[in-house]
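Subject: Structure for you to look at

Hello,

Here is the structure for your first look. Please open it, then read my notes alongside.

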Amino acid sequence: MTNSRIPFRASVVATACALTLPALVSAPLASAARPGPSAADTRHGAATGATGGETVRTDAGLVRGTRSAGYRIFQGIPYAGAPEGRHRWAPPRPAQAWKGVRDATEQGPLCPQVPSQYAPISSAEEDCLVLNVTTPAVADRRRPAPVLVWIHGDGSVGGGAFFDGRRLAERGLVVVTVNYRLGVFGGLALPGLRGSGTFGLQDQRAALTWVRNNARAFGGDPGNVTVAGVSFGASAIAGHLTSPASKGLFHRAVMVSGEGMMDMPAGAMGPDVPGYPWYVWRTGREMEDITTEMTSSLGCRDDRPARVLACLRALPVKTILKVPYIMNAFQAFGYGNRTLPELPPTALRAGRFHHVPVLSGATLDEHRVIVGMMYDAVGKPFTEADYDRALRTAFGELAGRVRDEYPTTAFPSPALAWATVITDRMWARGTQTMHDALARHVPVYAYEFADREAPMFLPLPGDFDFGAFHAGDIPYLFEDEVAEPLFTPAQRRLSATMTGYWAAFARTGAPRGAGLPAWPAHRPSVALPPYTQSLAPRRIGPVDYHRTHNLGFWNRMP
């Protein structure tokens, strides 16, 4: 349901505030837990465990990385030119060639972003379109390795360097992690501006093009590229699946807690946040309206879009970043343009997408982290009255039916009741819809991350059961210095199985291999529930996703 009574300004601001929350836990969790680096700090973070230099020739010049017994790392390699000056809010252009050997032993700059309470990361550096490459220690020119390109989540904070690809490289993959333009710098839209609302998506495509042109130099196979991402990054992949310009740049896709076919009931992301028919997709006009509202205080108002653009391009990055919520308001992609000609869910349902194998899933308790960070975990208990108000906001006259289905007496607290309602209604229904739509055309391997003891790193004062929370599976795939000491032996085994699945999928298009539990494909069926693999420390095997998340009830609801 939507709430048309909320004025446009309040709608934009409320949505921006709410979308901060999932951002914090997928940018990534570890960076939220420890002091986040500034752009200057990241230039001094040499790769850990390195023992010597390694030089590789890219299409723009030589780069020197670091080498250890188990892997090679190359950091901060430009894949596109600096999007500054007249190139701010313009399609990415090729990186400028350099002479000599470029140092790739230290992290590159983060794209412009502002710190938040739980992710103290900041940058005002626009020359930020860089990527990082982690490879096995020895490149086999006769048998190039599968390539996995990682698109981080959030869309307003974070960067590729926060994701350590060594664990996957040791499985035989070349791992590429990517920076892209965030927030207003990736999503601004004006009438007549080429690329409006999709600059971040175009950056990711430029990175995939770089991989196609340079993978072989790092021992990777440009004909076997898997694009993978979490949350906002996974939603971007749904966009790439339907974008004509991304055709041929990847051969498999992994979507972790993606929102590509997810709507947003009113109040789901906070009591004042209106409902939207799609969580991450906006029309071109909607993106233009967001731009008008969020930039109105910057002194660039004019009836002529070209003058507005020139004015905004002339502003210092720090001036733009001072506008409250200007980064979070653009956590969406515009469609109805050259990059996304049609609404991606429409294209996916109709089979109008790049037909590649897909591995996709979500966590068992997706929405608990959002509810916890707004209420109980920060000392603001979510009460029975709050639950009733939330149900009325989201479901109107049907609120009673939902309360009967999810009574608070069945849960330890009203907060967990509400988190379960939205996990099932918004996340699980959207995830299942995505899997069913894709599986009618391509092989799909569906999963649910179900470790309810996954380490939580956010420094929250209250007591709350986060369960298997949004993005809680990422430290099981990417090495993390905070999570690693907290893993139990069973969680370490789960991590090894998950990275084994990912490596097998990247190699062959199916998560199958020696020592891995069987994982059949997800095939929509009227008679039987489609297969979903549960991933938990004590059990890996089938789960009835439909029953676990009460989708029979929700599919009967509007």
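What is the mean pLDDT of the protein chain? It is 91, and 90% of the residues reach 70 or more. The term pLDDT means the predictor's confidence in each residue, from 0 to 100. A contact means heavy atoms within 4.5 Å. Where pLDDT is low, the predicted coordinates should not be read in detail.

Some ground rules. This is a predicted model, where local features need pLDDT of at least 70, side-chain atom pairs count only at pLDDT 80 or more, and totals for chains, interfaces and linings use all residues. Residues are numbered from 1 along each chain as its sequence is written, and side-chain values use heavy atoms, with hydrogens and water left out.

**Overall shape**

The protein chain has 558 residues; a compact globule of that length would have a radius of gyration near 24 Å, and the chain has 22 Å, which agrees. That radius is taken over C-alpha atoms, and the globule rule is 2.2 Å times the number of residues to the power 0.38. Along the principal axes, the C-alpha atoms fill a box of roughly 70 × 65 × 45 Å.

There are 18 helices and 15 strands. Both are DSSP runs, numbered from the N terminus: helices are H or I with at least four residues, strands are E with at least two. Buried residues make up 63% of the chain. Buried means under 20% relative accessible area, exposed means over 50%, and partly exposed lies in between (1.4 Å probe, protein chains only). Now take contacts between residues at least 6 apart in sequence: 77% of them join residues at least 24 apart.

**The core**

In soluble globular proteins, nonpolar side chains tend to be buried together. Here the largest nonpolar core has 169 residues. Such a core is a set of buried Ala, Val, Leu, Ile, Met, Phe, Trp, Tyr and Cys residues joined through side-chain atoms within 4.5 Å. Tyr79, Trp89, Trp418, Val421 and Trp502 have the most contacts inside this core. Helix H15 (residues 414–439) gives the most to the core, with 13 residues.

Find Trp418 on your screen. Leaving out residues up to four places away in sequence, Trp418 touches Gly267, Ala268, Val371, Phe382, Tyr387, Ala390, Leu391, Ala394 and Phe395.

Start with H6, residues 199–214. At 1.5 Å a residue, its 16 residues should span 22 Å, and its end C-alpha atoms are 22 Å apart, which agrees. The expected span is 1.5 Å times one less than the number of residues. In H6, 13 of the 16 residues are buried, so the helix is largely enclosed by the rest of the structure.

Next comes H16, residues 489–508. Its 20 residues should span 28 Å, and the end C-alpha atoms are 29 Å apart, which agrees. Of those 20 residues, 14 are buried, so H16 too is largely enclosed by the rest of the structure. Just after H16, Gly509 takes a positive phi of about 90 degrees.

**The disulfides**

How many disulfides does the structure hold? It holds 2. A disulfide is a pair of cysteine sulfur atoms within 2.5 Å. Counting bonded cysteines along the chain, the pattern is 1-2, 3-4.

- Cys111 and Cys128 have their sulfur atoms 2.1 Å apart. The link is right-handed, with 90 degrees about the S-S bond. Cys111 is buried at 1% relative accessible area, and Cys128 is also buried at 1%.
- Cys300 is joined to Cys311, S to S 2.0 Å. This link is left-handed, at -70 degrees about the S-S bond. Cys300 lies in the loop between helix H8 (284–294) and helix H9 (305–314), while Cys311 is in H9. Cys300 is buried at 5%, but Cys311 is partly exposed at 25%.

**One loop, two residues**

Is Pro324 buried or exposed? Pro324 is exposed, with a relative accessible area of 53%. Pro324 sits in the loop between helix H10 (317–321) and strand E11 (333–335). Gln331 is placed in the loop between H10 and E11 as well, yet Gln331 is buried, at 5%.

Best wishes
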